[in-house]
There are 2 protein chains.
Amino acid sequence: MRTVDLIHRKRDGEELSAEEITFLVEGYTRSEIPDYQMSAFLMATFFAGMSDHEVDTMTHVMVRSGEVVDLSAVPGLKVDKHSTGGVGDKTSLIAAPIAAAAGVVVPMISGRALGHTGGTLDKLEAIPGFRTNLTIDEFRSQLAEHKLALIGQTPQIAPADGKLYALRDVTATVESIPLIASSIMSKKLSVGIDALVLDVKVGSGAFMKRQVDARRLAQMMVGIGRRADKRVQALITDMDQPLGFAIGNALEIMEVSQTLQNIGPVDLTTLSLELAARMIHLGKAAPSIDEAREIAQQKLLNGDGYRKFKDVIQAQGGNPQVLDRFELLPNASGAREILSPRGGYITAINAQDIGLASAIIGAGRDTKEDTIDPAVGVILEAKVGQKIEAGGVLCRLYYTTEDRLEDAAQMIEDAFRISGQAPEERNLILEVVG
Amino acid sequence: MRTVDLIHRKRDGEELSAEEITFLVEGYTRSEIPDYQMSAFLMATFFAGMSDHEVDTMTHVMVRSGEVVDLSAVPGLKVDKHSTGGVGDKTSLIAAPIAAAAGVVVPMISGRALGHTGGTLDKLEAIPGFRTNLTIDEFRSQLAEHKLALIGQTPQIAPADGKLYALRDVTATVESIPLIASSIMSKKLSVGIDALVLDVKVGSGAFMKRQVDARRLAQMMVGIGRRADKRVQALITDMDQPLGFAIGNALEIMEVSQTLQNIGPVDLTTLSLELAARMIHLGKAAPSIDEAREIAQQKLLNGDGYRKFKDVIQAQGGNPQVLDRFELLPNASGAREILSPRGGYITAINAQDIGLASAIIGAGRDTKEDTIDPAVGVILEAKVGQKIEAGGVLCRLYYTTEDRLEDAAQMIEDAFRISGQAPEERNLILEVVG
């Protein structure tokens with residue numbers, strides 16, 4: 001088998017066999033196939049796509065490249081939740097405690113911020129003392145005790161995916177639907193889950209800009225999961241404006257706390273409850289989705305979700321008091337109001353630009369090596385559909401240094417579209433797949 | 001400027017600026033851009049193509065990566081001829097001496113056999129003593145004296161193309177029209193030519209299988225040449241069966257000799273004369289193409305072309321007597337007849353399979369490192385359209401060892417299609433571009 005022939009056939013739209021995909025991915029992981037051939041294969045895949053059979057093989061070869069976390073000793077059905085990434089998306093930290101409070105075991109392995117999108121791990125690390133690097137044994141015993149544990153990717157999980165992702169990142173082959181689907185699913189299938197709820201974002205603040213692409217990605221991931229005998233559902237949700245009001249790590253932890261106390265933003269609360277309900281239903285803690293929605297609602301209203309999150313913060317070395325006393329979180333030293341240049345309706349808030357502006361002042365990172373400033377970010381004062389006066393406050397920018405502050409402020413002001421006419425209402429949850 | 005952003009934009013179908021293409025090709029030549037990014041860019045180019053402006057820049061950056069051979073000291077217009085590669089294609093060795101005999105200066109830089117196609121350099125090296133590695137000074141002075149010199153690519157000419165070609169070869173990105181066009185034209189524009197005649201092959205024995213692709217390649221190369229102020233024409237010619245009867249290096253030299261004495265195959269003679277006429281016309285040795293055709297015909301019939309080739313063989317260290325005494329050429333030790341399994345009309349001779357079978361027994365090479373056996377090859381005894389009896393001789397296979405002889409014989413037998421009905425006649429010259 002010659003690598004160049006396999007690249008050639010992929011390029012020409014042929015389907016490769018399981019043996020051929022395995023040869024490529026295993027050969028690359030062992031450094032027997034050079035980067036320059038794999039990057040040509042990845043770009044050919046970007047254009048030619050993959051069959052269900054190919055993407056399944058790709059996924060499972062990446063799973064087999066590392067360890068599979070065995071959670072069979074933890075009683076109960078295990079359900080994870082994954083988002084493809086957005087701006088202000090802190091639903092994991094709301095839905096997971098609610099689902100765990102309802103009896104579902106949630107072994108959550110999260111990622112970091114990259115580009116304009118935030119990452120759950122960075123948000124958690126805004127809590128002083130919080131350890132995201134539990135050992136697998138600690139992870140298992142915390143799951144047995146609290147039904148929820150929140151950790152980061154370990155080098156032992158799907159290392160082939162890690163190596164491939166690093167190559168995709170520098171060869172403009174990140175945005176390939178089968179490559180995204182197999183990357184996400186290989187990490188999820190490397191943990192002993194029974195079910196998975198996916199939140200596939202679409203819009204200006206998401207990697208997928210078009211609903212048709214989001215749907216294809218959702219369908220492909222649901223298919224991979226189902227064929228591996230997992231219960232999987234995907235929501236396709238709007239990311240045309242940031243979710244909630246807060247963007248930035250400590251600011252988002254504050255909003256998580258408010259939302260778990262039922263005083264959070266409507267959009268964030270609605271989506272978090274729906275995700276929790278899907279987790280509860282797939283985890284068989286409710287016989288129907290409607291009953292699961294009732295349970296999720298109840299676990300929010302009675303404070304069980306809020307308490308669950310505090311228990312988990314405590315268990316992972318953080319100070320749970322931060323959820324009540326925000327001054328214990330990292331705080332910005334300066335704030336700048338961004339004012340509306342004219343009166344009218346807010347018709348759009350470009351989420352990608354808000355995310356990039358926040359990243360510029362330290363809330364995100366350009367490269368994996370950059371460090372995060374947990375204190376900084378943006379609090380929106382108005383969302384799409386609201387009316388604003390000329391000179392009214394659109395949002396507040398929280399910063400710790402004035403480096404690049406002007407750039408960020410200008411970018412944020414430009415992210416708001418203001419018009420004389422009220423925009424049409426958009427649905428937050430656009431589709432359910434699976 | 002970040003390489004990954006340029007790959008991304010090429011992938012998404014945008015046009016890159018001259019500055020950006022220059023950044024990529026110069027950066028790669030200096031090894032500042034790694035192979036894995038360049039191979040992703042090449043595969044993106046395979047799918048997304050290139051604009052005229054992009055392919056011009058690509059060509060000229062590759063020219064500038066090396067030396068440009070200055071032929072201004074050689075009097076007269078310089079005209080080269082280039083074929084995209086075929087099976088049994090020895091037209092260069094017939095057309096070039098005829099054009100030179102007509103007064104055109106022909107500075108011919110040729111390539112080697114690769115895959116199923118032959119290479120002019122390998123054919124010349126079947127002549128004992130023939131030196132294809134003249135220095136540039138020797139090349140220039142031979143051109144001044146004889147108007148024709150035949151050499152190989154030197155490492156000083158368009159080294160960026162050499163580096164890129166090696167990467168394309170192992171990443172399944174050879175068959176991209178803008179990459180082929182810029183590769184060929186960069187080498188041609190690195191020699192001080194005034195005009196160029198291109199022979200773009202199409203059919204089973206060519207790299208281009210479809211006439212529409214051959215036309216796009218021809219148009220792109222003619223465009224690059226014209227925009228560089230060169231007179232360029234391309235013929236699109238049939239390669240659905242081998243050209244002439246001989247395939248294999250010494251065997252083809254014998255056929256060249258016969259054809260220059262006007263006792264060669266009709267198809268080879270016809271195409272060689274047309275190519276020579278185009279060279280004579282573009283080189284302004286005749287005021288019209290019809291007059292150029294008359295001159296070419298005359299230089300064939302009066303033996304001037306034949307004598308010119310002998311002079312050049314002598315000048316480059318070879319023994320010109322090989323053209324009269326074929327026993328001075330390397331000779332095969334064995335011959336095998338391939339017989340027709342049934343009677344009927346020959347409707348097709350798969351040129352690629354004939355080329356591959358010849359390569360298997362030593363006439364060609366799989367990789368650039370393989371050595372050539374100049375003696376071996378195939379002599380066709382029948383061509384498409386001819387009637388054959390059951391048991392009649394289709395061709396003879398000339399070999400020096402029996403290694404893989406059976407494989408080659410089987411492949412050759414399978415290359416012939418025999419049917420009860422005579423095939424429709426095909427034109428040899430399908431189109432003229434430019």
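Student: In this predicted model, which side chain meets that of Glu406(B) in a salt bridge?

Tutor: Glu406(B) belongs to helix α16 of chain B, residues 405-415. The partner lies 70 residues away, in strand β7 of chain B, residues 334-339, and that partner is partly exposed, with a relative accessible area of 26%. The two side chains meet at 2.6 Å, N to O, and the residue that pairs with Glu406(B) is Arg336(B).

Student: Which residues do salt bridges with shared partners join into one network?

Tutor: Side chains of opposite charge can pair when their charged atoms come close. A search of the whole structure finds 75 salt bridges over all chains. Those that share partners form one network from Glu274(A), Arg278(A), Asp290(A) and Arg293(A).

Student: How far apart are the closest N and O atoms of Glu125(B) and Arg112(B)?

Tutor: Glu125(B) is in the loop between α6 and α7 of chain B, while Arg112(B) is in the loop between β2 and α6, 13 residues apart. Glu125(B) is partly exposed at 35% relative accessibility, and Arg112(B) is partly exposed at 40%. The two form a salt bridge in which the closest N and O atoms are separated by 3.0 Å.

Student: Which three residues supply more of the area that chain A buries against chain B than any other three?

Tutor: The contact takes 21 residues from chain A and 21 residues from chain B. The area buried between the chains is about 1,800 Å², and carbon and sulfur atoms give 71% of that area. Of the area that chain A buries, 36% comes from Arg11(A), Tyr36(A) and Phe47(A).

Student: Which helix gives the most residues to the side of chain A that touches chain B?

Tutor: Between the two chains, 11 residue pairs are in polar contact. On the side of chain A, α1 (3-11), α3 (35-48) and α8 (159-170) each supply at least two residues. The helix that gives the most, with 9 residues, is α3(A).

Student: Which residue of chain B forms a salt bridge with Arg11(A)?

Tutor: The interface of chain A and chain B holds 2 salt bridges. In one pair that crosses between chains, Arg11(A) lies in helix α1 of chain A and its partner lies in the loop between α8 and α9 of chain B. With the closest N and O atoms 2.7 Å apart, the partner is Glu175(B).

Student: Is Ser272(A) buried or exposed?

Tutor: Ser272(A) is found in helix α12 of chain A, residues 266-282. Its side chain reaches the backbone oxygen of Leu268(A) at 2.7 Å. Not counting residues up to four places away in sequence, Ser272(A) touches Thr91(A), Ile94(A) and Ala95(A). The relative accessible area of Ser272(A) is 1%, under the 20% cut-off, so Ser272(A) is buried.

Student: Which side chain does a polar contact of 2.7 Å join to that of Asp80(A)?

Tutor: Asp80(A) is found in strand β1 of chain A and is buried, with a relative accessible area of 2%. Beyond its neighbours within four places in sequence, Asp80(A) is in contact with several residues, including Pro107(A), Ile193(A) and Met279(A). The polar contact of 2.7 Å joins the side chain of Asp80(A) to that of Lys188(A).

Student: What is the relative accessible area of Val68(A)?

Tutor: Val68(A) is placed in the loop between α4 (52-64) and β1 (79-83) of chain A. Leaving aside neighbours within four places in sequence, Val68(A) is in contact with Val63(A), Leu189(A) and Ser190(A). Val68(A) is partly exposed, and its relative accessible area is 47%.

Technical notes: Residues numbered from 1 in each chain as written. Chains lettered and ligands numbered in written order. Predicted model: local features only at pLDDT ≥ 70, side-chain atom pairs only at ≥ 80, totals over all residues. Heavy atoms only, no water. Contact = heavy atoms within 4.5 Å. Buried area = accessible area lost by both parts, 1.4 Å probe. Salt bridge = Lys/Arg side-chain N within 4 Å of Asp/Glu carboxyl O. Polar contact = N/O pair within 3.5 Å; in protein donor to acceptor, adjacent residues only side chain to side chain. Helix = DSSP H or I, 4+ residues; strand = E, 2+ residues; numbered from the N terminus. Buried < 20%, exposed > 50% of the residue type's maximum accessible area, 1.4 Å probe, protein only.
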